[in-house]
Amino acid sequence: MHYTDCWLAKDFPPVEPSEDHIVLFRICNGQYIPNIGEDKWDKDHVKMPCSDRNINKEINETKQWDVIVKALSQKIKNSEALASAILTYQTQFKDIWKFKAMHRFFNEYWDKNDSEYFFENTLPKVARLALDLPELIKSPIPLLKQGCNISLSFTQLQLASLLANAFFCTFPERNNKRKDSEYKTYPPVNFNVLYDGGGPKVMEKFKFICHYFNRVCEVNPTGVVTFSRRHIPVDKCPDWARVTLPMSTVPLGVDDSKLIEDAKYWIQMDFANKYIGGGVLRRGAVQEEIRFVSNPELMVSLLFTEVLSPTEAVMIIGTERYSTHTGYSSTVKWSGNYIDETSTDSSARRQCAILALDARRFPKPDEQYCKEMIDRELNKAYVGFSFYSKAGGLSYPGIATGNWGCGAFGGSARLKSLLQIMACVRAGRPISYFTFNDVTLKNNIEHMYEFLRTNNVTVGDLYQCLMDFCESEDHISVFVNLYENIENYFNKQMM
């Protein structure tokens, strides 16, 4: 199955304003014009730094935006001046934010010429991009809250301005870590979290981010990106024991040599944290964090996406990839510029759909081998995989995924691969599975799928098999050799 085969259907729903699709722009004479709306300063919308209601109480009730404009309009020659500018309007953190990682990156880690170029040429443009926010976004941004089914569409230039503001730490109400804080159920978005980080992984993230700003400040991006949140109540999720579709309903491809992001024109899985972005502004540097710094527009989702509940997913369509990388986790490195030649759809979005699904963390891996956890992962996968799917037949694009929730989250790759295939069958999407250089796992999955196919095993049949394993007296040992025991289970039934 070729990767380009799976963007065969019509576009995803186009960018059209509606009750459940908020579009922050309109097109007039071929130009993007910001939609105009009334500023909102409430619990349902992003509190914008340029709002008239963003008041600096420490400076004679001055509008905070006026303070920000003054600070960022000055010449900023180095990291010390940058830190000082930020603390001009974030005065309550002057004894808390130390900017150790930022100083180390610009003064020690990065090439001296690159650092000088950034402060001399790029940073003034990033500041201008940040200060253009009131002209680029003139309508309120709803929060993507739990339980909602809503989409937000922005131009790439609007996203660049929001990211520039995160870079300068201008977003109000987002730095309070108290348990009763208004945004306690949202990830951090201001970059001060990154600036006080440490270690080589954080240093490399600076390279990705600085490269992004170098690019967008040279040539304004011209596309569109849509962020969509989907919720299905648990009682509306499939009754897995009653799903009669054969496991062979959807085609499966398994690849041990490529990465998920190599599967162009597929829906590409983000092995997400329930707080979207995971540790992208901290020390995390695994699949989700690497993807977010490679496609920095994804990071804007931190601004408005509430923590995901067990039957919710987020899909992001249209982001641009700016960087390549090598390594993983402690060995990750920015490796160079990337020219994204992915074609666009009818709404000027790159045909790149990234699906954020958070797996359950299993501090004790044995905990995943029970009905509750298997149902949880099946339902979570189904909510994401059935995003924009149609009833009956196959839906395209297909799903490009891999060892979701394995590794640090303790999931079993052999179990998770089966659960994802089951969810794809129910959602009607082809699946391409990437085993990340694990040839043995590739062979095992292919063999298991062929066994299920030739024996016409249904999703319901396999679900009942897993439930029987969960209820067995020594169920942990049964799951250790899962594929072998599945074959034994069905072979006995056919005798």
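This is a predicted model: local features need pLDDT of at least 70, side-chain atom pairs count only at pLDDT 80 or more; totals for chains, interfaces and linings use all residues.
Q: Which residues does Y328 contact, leaving aside its neighbours within four places in sequence?
A: Y328 sits in the loop between β11 (323-326) and β12 (333-337). From there, Y328 is in contact with A285, V286, Q287 and I290.

Q: Is Y328 buried, partly exposed or exposed?
A: The relative accessible area of Y328 is 46%. Buried means under 20% and exposed means over 50%. Y328 is therefore partly exposed.

Q: Which residues does UniProt place under "binding site", and where in the model do they lie?
A: The unreviewed UniProt entry gives this feature to N273, Q287 and Y328. From this set, N273, Q287 and Y328 belong to the lining of the largest pocket.

Q: Where is N273 placed, and which residues does N273 touch beyond four places in sequence?
A: N273 lies in the loop between β9 (267-272) and α9 (287-294). Not counting residues up to four places away, N273 touches G278, E288, D358, R361 and F409.

Q: Which backbone nitrogen lies 2.8 Å from a polar atom of the side chain of N273?
A: The N273 side chain supplies the polar atom. The backbone nitrogen at 2.8 Å is that of Y275.

Q: Why does N273 count as partly exposed?
A: Partly exposed covers the range between the buried limit, under 20%, and the exposed limit, over 50%. N273 counts as partly exposed because its relative accessibility is 22%.

Terms used:
Residues are numbered from 1 along each chain as its sequence is written. Side-chain values use heavy atoms; hydrogens and water are left out. UniProt positions are given in the numbering used here, feature names are shortened, and annotations may be inferred rather than shown by experiment. On a 1 Å grid over the protein atoms alone, a cavity is a set of points where a 1.4 Å probe fits but cannot get out, and a pocket is an open set with protein on both sides within 12 Å along at least five of seven lines; lining residues have an atom within 4 Å of a point. Helices (H or I, at least four residues) and strands (E, at least two) are DSSP runs, numbered from the N terminus. Buried means under 20% relative accessible area, exposed over 50%, partly exposed in between (1.4 Å probe, protein chains only). Contact means heavy atoms within 4.5 Å. A polar contact is a pair of N or O atoms within 3.5 Å; within protein, one must be able to donate a hydrogen and the other to accept it, and residues adjacent in sequence count only if both atoms are side-chain atoms.
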